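Visitor: I would like to go through the charged pairs in this protein. Could you show me the model?
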Amino acid sequence: MQRPTIKTIAQETGLSIATISKALKNSPQVRPETRAIVVAAAERVGYELNMHGVQLRTGKTYQVAAIMTAPGPKQQEWEGVEYAQLLSGISWALEESPYRVSLYAVRNFEESLATIRQIVSLKKADGIIVSGTRADDPRIRIMQDADFPFVTYGTTIHNDPHAYVDADNEQMIRRSVARLVERGHRRIALINPMADLSYAITRLDAYRGALDIAGLPFDPELVVHDRLTPAFGRESVLTMSRLADPPTAYICANEASALGAFSGFHERGLVHGRDAVINATDDLNVSQYFAPPITTYFLPINEPSELLGTYILRRMEGEPPQALQALIMPKLIERSDDRVIPKR
């Protein structure tokens, strides 16, 4: 049986070979309804695009490299959103294009830097998506110096403008602190990510700014930085709850650390809503199942991940990076009043 070709689709649809070729390459010159007819006919006749031939003609790999930190075999602690959840949204955004996402799982920042150097120098992909941005990120300078298309999941502070997608960490923390202050809290703890991450710096600056607006002093003993695991959340509560003037509210950077904070409450005999409260920010909404459920700023992970996929497609088509920058404000889900209970 002869292998279906573009000519087979032309006979099936009555369209020209040129139109079908453009439609299969997702050309903007073809109307969406025409492309839908071509794709449906291609599926009926069992046509498969010869990507190897396309790659030889165009010099493209039709691969998007996703550089993401994956937990090592000895890392047993949950850290919230996993790379697979990000990949799902990115892959969904690329589905109607000829591009496919290739995962490059790395263990740390240094390995991601080496991986990006290799991809850029050897042109192993046509675009890169990378997360875990630093304030001044050398990976970004490498890609910008090579004029290599990329999008970051996270902002930077000192790098030249580039395409990015991120939660609006500044507004999220400012509003979170203001809400807790309005409910009577004067000692608010910040359980923050690793201090060298760009969004950790943004969150800390926003926290200090919100305290200043409220007329409250900044106490460095109420701020901690580390990997956002349950163990970190637990140890943070155990340490800060023993202060002479302990926090009455804890803002956790993700639900994994919030889960650990609950464990710390249990060990110290604290009751959520009576002695102190826990709030969180995250992309999974697991906290609706906590007992009691806690207030969170929730951003469904599919929103930023699909936008990452959309932005890398547009960046590879030559759209300027300044037009591809998005800060998404998560939704406040109030599951607790979170007011200070007066001491009797």
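Guide: A salt bridge is a side-chain nitrogen of Lys or Arg within 4 Å of a carboxyl oxygen of Asp or Glu. Please note that the model is predicted.

Visitor: What do the side chains of Glu-235 and Arg-234 form?
Guide: Glu-235 and Arg-234 meet in a salt bridge, with 3.0 Å from N to O. Glu-235 has a relative accessible area of 41% and is partly exposed. Arg-234 is partly exposed as well, at 26% relative accessibility.

Visitor: How many salt bridges does the structure hold?
Guide: The structure holds 19 salt bridges.

Visitor: Which residue forms a salt bridge with Asp-219?
Guide: The partner of Asp-219 is Arg-187, and their closest N and O atoms are 2.8 Å apart. Asp-219 lies in the loop between helix H9 (198–214) and strand E7 (223–225), and Arg-187 in the loop between helix H8 (169–182) and strand E6 (188–192), so the pair ties together parts that are 32 residues apart in sequence.

Visitor: Are Asp-219 and Arg-187 buried or exposed?
Guide: Both Asp-219 and Arg-187 are buried.

Visitor: Now to another pair. What about Arg-339 and Asp-337?
Guide: The side chains of Arg-339 and Asp-337 form a salt bridge, at 3.2 Å from N to O. Arg-339 counts as partly exposed, with 38% relative accessibility, and Asp-337 also counts as partly exposed, with 44%.

Visitor: Which residues do salt bridges that share partners join into one network?
Guide: That network consists of Arg-179, Glu-182, Arg-183, Glu-334 and Asp-338.

Note on methods. Residues numbered from 1 in each chain as written. Predicted model: local features only at pLDDT ≥ 70, side-chain atom pairs only at ≥ 80, totals over all residues. Heavy atoms only, no water. Helix = DSSP H or I, 4+ residues; strand = E, 2+ residues; numbered from the N terminus. Buried < 20%, exposed > 50% of the residue type's maximum accessible area, 1.4 Å probe, protein only.
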